[in-house]
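User: I'm new to this one and would like a short walk through it. Could you show me the structure first?

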Amino acid sequence: MHRDLRPSPLTYRHARPVLGALAAAALLAAAGAAAAKTLVFCSEGSPENFYPGINTTGTSFDASGQIYSRIVDFERGGTSVVPGLAEKWEISPDGLTYTFHLRKGVKWQSNKNFKPTRDMNADDILFMFERQWKEDNPYFKVTSPNHSYFNDMGMPKLLKSVEKVDPYTVKIVLNRPEAPFLSDLAMEYAGVQSREYADAMLKAGTPEKIDQEPVGTGPFYLVQYQKDALIRYKAFPEYYGGKAKIDDLVFSITPDASVRWAKLQKGECHVMPYPNPADLDAMRKDPKITVLEQPGLNIGYLAYNTQRKPFDDVRVRKAVNMAIDKQAIIDAVYMSTGIAAKNPIPPTMWSYNDAVKDDPYDPEAARKLLAQAGHPNGFATDLWAMPVQRPYNPNARRIAELMQADLAKVGIKAEIKSFEWGEYRKRMQAGEHQMGMLGWTGDNGDPDNFLHTLLGCDSAKSGGSNVAKFCYKPFDDLVLKAVVVTSIAERTDLYKKAQVIFKEQAPWFTIAHAVQLKPVRKEVVDFKLSPFGRHTFYGVDIKE
């Protein structure tokens, strides 16, 4: 998943919704019993909107993830799929038909524009799919027609039909088996919106309101959003999983990591993402702070545009791999927060091929290979550096400068370029770069989410996530075969072979896998790190 901080195209402010009588009574009772518990999250940026189906950014997913539920979910802090809006399901022996049995009595939130007249049912599940899949759906183009995740995962080709069997049963038929399909449905893009709310807003002539003033069935409802300042939520008393332990959730939008750290120290926020590596020692020594950490499900890399000269020659790609001192980059930039990467998937992921050998740092061998490829005196190229900080790349500018110095030693003159983040990603996806840095945090715990989404022929097209524009049939055949077989042993064997080909073909210089670090105040109880880098606050408590 791209983690980005694009400025939001929407500048809107939410008025406080009128609480339903039940919610108001519950809040008054709670206020009488005990003081409301408020948790403040120092988030790193403003969401683009509150509709996860058109976003690819962690910032936007965190904002909408509190509000919506999905058909199935990932267990808190893990990658196992657990029931969500569907309490159970069956899969046909041929792996093509999935029948989901929905929970009854799931309540919708309400706001000043909308009071639901019914519970969640199959119509809402169908609306979630059709809005992203059917171009004739009136909501297909509302807010944005670019359903990135749905398309990058090949959903339009995969889905044969999605039908309502009865109000609480949905049957999905696929065109071919898809091993990670259940995991795919637990991802953020599949957040379920109310069809009744959508119909009401369409009738009122304000369809975009469902994405700006969202209504979900999740644990928190939106009270207020002020761009670049804050998002305020309240616990939804009628949430099907039971009311959250905290009453109020506030996202205090704080783009600067050192300001986030200052707020955490003062107790102005309780949880902060993306700390500066240089601040970690002080954080670990602070008696009021716990630094949670675990290996991240991510990769930071330098992609070579394999369709542009000179990077269409594998010898040039291999030479650049050997010209860059990877360990020096890890020591200088990641410090204790990253480990050197040799494969396109992280070592914590099943099917990781540890037998693959990384390209050694060997400038002399790099020079020889460049000469063989017809560049005895090197060449000139661009080197794109991300403008934002991410766990998988804490300081792209500094990394670019270190790479530039290493490349100069073998005669390659690299000019560092950067753009505003949304523009950067758009231009890289269009293939304007020769070399460019990017990274990925996994979304569903499946190797397909890295190997196919980032390196398959399907996503090498303009606008896709394969920014190396790498389309190599022997690699693609293995990855496409692996997604239709169900045996984990067989899939592992195919993915291990694909990693060998990846290393031979070198579409990327693999930089690092970041350790996920989350400084949290000691009064926070049971906050769990998400392997996908998400921030979920249902289940979290605050002790007085």
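User: Are D62 and R534 buried or exposed?
Analyst: This is a predicted model, where local features need pLDDT of at least 70, side-chain atom pairs count only at pLDDT 80 or more, and totals for chains, interfaces and linings use all residues. Residues are numbered from 1 along each chain as its sequence is written, and side-chain values use heavy atoms, with hydrogens and water left out. Buried means under 20% relative accessible area, exposed over 50%, and partly exposed in between (1.4 Å probe, protein chains only). By that rule, D62 and R534 are both buried.

User: How far apart in the chain are D62 and R534, which meet in a salt bridge?
Analyst: A salt bridge puts a side-chain nitrogen of Lys or Arg within 4 Å of a carboxyl oxygen of Asp or Glu, and here the N to O distance is 2.8 Å. D62 sits in helix α2 (residues 58-65), while R534 is in the loop between β18 (524-525) and β19 (541-542). Helices (H or I, at least four residues) and strands (E, at least two) are DSSP runs, numbered from the N terminus. So this pair links distant parts of the chain, 472 residues apart.

User: Which class does R284 fall into, with 38% relative accessibility?
Analyst: R284 has a salt bridge to E293, with the closest N and O atoms 2.9 Å apart. E293, at 43% relative accessibility, counts as partly exposed. With its 38%, R284 also counts as partly exposed.

User: What separates R367 and E364 along helix α13?
Analyst: R367 and E364 form a salt bridge, their closest N and O atoms being 2.9 Å apart. Because they are three residues apart in helix α13 (residues 363-372), the separation is about one helical turn.

User: Which strand gives the most to the lining of the largest cavity?
Analyst: On a 1 Å grid over the protein atoms alone, a cavity is a set of points where a 1.4 Å probe fits but cannot get out, and lining residues have an atom within 4 Å of a point. The largest cavity has 19 lining residues, with Y274, P391, V515, Q516 and L517 nearest its centre. Four of the lining residues come from strand β17 (residues 508-521).

Definitions and conventions:
1 Å grid on protein atoms, 1.4 Å probe; cavity = no way out; pocket = protein on both sides within 12 Å on 5 of 7 lines; lining within 4 Å.
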